[in-house]
Amino acid sequence: MLEEIYKNQEAYFAWRVKKVRRIEERFPHLFKAKGKNCLDIGCGSHAALSHVLCEKGAKVEGGDVNDAIVASAKKFEPRAKLTVFEAEDLPFKDGEFDFVFLLDVLEHVKDPEEAVNEAVRCTKKNGLLFIEFSPYWAQ
């Protein structure tokens with residue numbers, strides 16, 4: 001099933017948005033984001049989380065590791081400020097964001113512990129940090 005979804009970019013985007021909506025159903029407080037500064041670390045080539053947060057009225061920044069991924073993400077979510085960065089070395093100030101998200105990211109980074117440390121650093125005091133890891137390839 002995933003192979004077919006991966007072949008069609010619009011279908012993949014819709015699938016990712018649906019996944020974000022399932023997270024929203026379980027954790028609705030994470031999506032009360034109107035006017036909040038949100039960071040989408042590892043937004044991926046479709047920026048589905050950034051898309052949903054922008055729909056909610058959030059001020060969204062995000063990014064991924066290379067120009068091609070970010071260029072693709074900008075096509076799917078032009079309202080977010082998306083740039084190139086690595087999760088282990090975020091170009092943001094301490095405590096800059098109300099909500100910080102690592103959605104399906106840790107399995108892709110060189111140093112997951114440092115990525116989490118950076119996410120914590122960028123989260124405001126009393127802000128929310130959400131880390132999710134989907135075991136798509138688990139047997």
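Q: What makes a residue buried, exposed or partly exposed?
A: Buried means under 20% relative accessible area, exposed means over 50%, and partly exposed lies in between, with a 1.4 Å probe and protein chains only. The model is predicted, so local features need pLDDT of at least 70 and side-chain atom pairs count only at pLDDT 80 or more, whereas totals for chains, interfaces and linings use all residues. Residues are numbered from 1 along each chain as its sequence is written, and side-chain values use heavy atoms, without hydrogens and water.

Q: Why is D64 called buried?
A: D64 has a relative accessible area of 12%. Buried means under 20%, and therefore D64 is buried.

Q: Where is D64, and what does D64 touch?
A: D64 is placed in strand β2, strands (E, at least two residues) and helices (H or I, at least four) being DSSP runs numbered from the N terminus. Apart from residues up to four places away in sequence, D64 touches G42, C43, G44, I69, V70, T83, V84 and F85, where contact means heavy atoms within 4.5 Å.

Q: What makes a region a pocket, and how much space lies in the largest pocket?
A: On a 1 Å grid over the protein atoms alone, a pocket is an open set of points where a 1.4 Å probe fits, with protein on both sides within 12 Å along at least five of seven lines. A volume is the space filled by probe spheres set on the points, which are joined across faces, edges and corners. The largest pocket holds about 610 Å³. Of its 32 lining residues (those with an atom within 4 Å of a point), the closest to the centre are G42, G44, D64, D104 and H108. Helix α2 gives the most to this lining, with four residues.

Q: How do you know that the buried residues of α4 lie on the same side?
A: In helix α4 (residues 67-76), V70, S72, A73 and F76 are buried. They cover an arc of only 160° around the axis, and therefore they lie on the same side of α4; the arc is that of the directions from the helix axis to the C-beta atoms. The face turned away from that side carries the exposed residues D67, A68 and K75. Among the elements covering the buried residues of α4 are α2, α3, β2 and β3.

Q: Why is H46 called buried, and what makes a polar contact with its side chain?
A: H46, in the loop between β1 and α3, has a relative accessible area of 4%, so H46 is buried. Its side chain makes a polar contact with the side chain of S45 at 2.8 Å. A polar contact is a pair of N or O atoms within 3.5 Å; within protein, one must be able to donate a hydrogen and the other to accept it, and residues adjacent in sequence count only if both atoms are side-chain atoms.

Q: Why is T123 called buried?
A: T123 in strand β5 has a relative accessible area of 13%, and is therefore buried.

Q: Why does K32 count as exposed?
A: K32 is in the loop between α2 and β1. Its relative accessibility is 60% and exposed means over 50%, so K32 counts as exposed.
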